[in-house]
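Here are a few notes to read with the model open beside you. Take them one at a time and find each spot as you go.

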Amino acid sequence: MILWLNPVTGASGDMLLGALLGLGAPLERVRDAVAGTGLTGWRLVAEPVQVAGVAATKAVVEVHDHAPERRAAELLERVGRAAPEPVAALASAAVRAIAEAEAALHDRHPDDVHLHEIGGLDTVVDTVGVAAALHALDITAVHSAPLALGSGTVRCAHGVLPAPAPATLALLRGAAVVGTDLDGETVTPTGAALLGAVGTSYAPPPAMTVLATAFGAGTKRFAQRPNVLSATLGEPRVAATTEPMVVLESNVDDVSAEVLGHVVDRALRAGAADAWTSPATMKKSRPASTVHVLCAPDREAELTRLLLAETGSLGLRRHQVDRRAVPRSTTTVEVEGHPVRIKQGPWHAKPEHDDVAAAAEALDRPLRTVAAQALAAHQEHRLTRTSHGCGAPSSGTVG
């Protein structure tokens, strides 16, 4: 799914969370993710509100937390407990970005920096909540119009600072922004960090089918415009390429399963785009198999000879088809030192089975466990690249 934002009055963590809840992210799944951090004494509700005539969702976060500041390492340890792992990875990336921005400003190590306004435990609810909502809605790409920045000043623990605050500006590196006549802070550090961590692309809406639109309400009220974050959920409209192909088929009733498997393997090694078998019933009600080979026209002659020679069949059928293929890319991740290729399409990522099987055997672990580790590493790789302004991942290796 695609998320497109129109932040005409900026963005904050609670505005983004409210918008995602308004789009249909299950509130209980979000609460469960926050509860998984071990946080106590908190409350999250989705409250329908009207902001200057616009129906919106207000994410109301209440935390019994009176600490004036908190070490970033404490927040990182807390959000790292969230489940599932991709939720923890995204929330951790956002909090880590905040810590790094503050550390650079104060010449401190990120783990040692003390967070003030964003050191409260409500930051845990915001970051984990947004990550869980994005995961629940299966959002794989976030696009946004330029962020509207306010002006004037903002009061914080370090005194009165120009708006946007220095930490916010650091977190907005690589983002598209536009100035407004709005007074004060319109983009919060948490909002900027979350948009950076998820790899937001600042561009017009991509080609998509609109499924739903919702508005996340902010706390401030501006005379110039409603303080809401517009969010649209869409399904990608992928331009699939169409190419002419040939399907070769032959029915065989006297070929063993071992030979059929050998034929499929050989056809694939010889350049077939795909090869498979299906059960069939031939004359005299004999149980049989049909061997199918899909190939480009320039591979037809060679694969015809291979199919007839290996099966001993006296003939085969051929027919022309059009194959439509969507764009895909391959990234290589490592699971404890073992490379696993991940094929990424518009809607889904999948580890290559042979790589997963090899890694599972080497690590003496169940196949599904290693596959889950590979997907988690792939997601973390995507978040790491996008949080540093690298855009969407392409082919590469992560260690």
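1. Strands themselves are DSSP runs of at least two residues, numbered from the N terminus. Keep in mind, too, that this is a predicted model.

2. Strand S2 (residues 42–51) and strand S3 (residues 54–63) pair in the antiparallel sense, with ten bridges between them.

3. Next, have a look at the open sheet of three strands, ordered S18-S19-S20 with antiparallel pairing. Which strands stand at the edges? They are S18 (329–335) and S20 (349–351); each has a single partner strand, so one side of each is left without a neighbour in the sheet. From one strand to the next, the twist averages 30 degrees.

4. Staying with this sheet, S18 and strand S19 (residues 338–344) run antiparallel and are joined by seven bridges. Glu-334 is a handy landmark, as it stands opposite Pro-339 in S19. Helix H10 (residues 353–363) packs on the sheet and touches S18, S19 and S20. The direction of H10 makes about 150 degrees with that of S19.

5. While you're here, find His-348 in the loop between S19 and S20. Is His-348 buried or exposed? It is exposed, with a relative accessible area of 56%, and the cut-off for that word is over 50%.

6. Last, a helix pair. Helix H8 (residues 257–269) packs with helix H9 (residues 300–311) at an angle of about 165 degrees, and their axes are 10 Å apart. That angle makes H8 roughly antiparallel to H9, a label used for angles over 145 degrees. The crossing of the two is right-handed.

7. And which residues make that contact? On the H8 side you'll find Val-259, His-262, Val-263, Arg-266 and Ala-267, and they meet Leu-303, Leu-306, Leu-307, Glu-310 and Thr-311 in H9. By type, the residues of this contact are six nonpolar, two polar and two charged.

Note on methods
Residues numbered from 1 in each chain as written. Predicted model: local features only at pLDDT ≥ 70, side-chain atom pairs only at ≥ 80, totals over all residues. Heavy atoms only, no water. Pairing = 2+ DSSP bridges. Helix = DSSP H or I, 4+ residues; strand = E, 2+ residues; numbered from the N terminus. Axes fitted to C-alpha atoms, helices over the stretch in contact; angles between N-to-C directions. Contact = heavy atoms within 4.5 Å. Parallel < 35°, antiparallel > 145°, perpendicular 65-115°, else oblique. Left-handed = near helix turned anticlockwise from the far one by under 90°. Nonpolar A, V, L, I, M, F, W, Y, C, P; charged D, E, K, R; others polar. Buried < 20%, exposed > 50% of the residue type's maximum accessible area, 1.4 Å probe, protein only.
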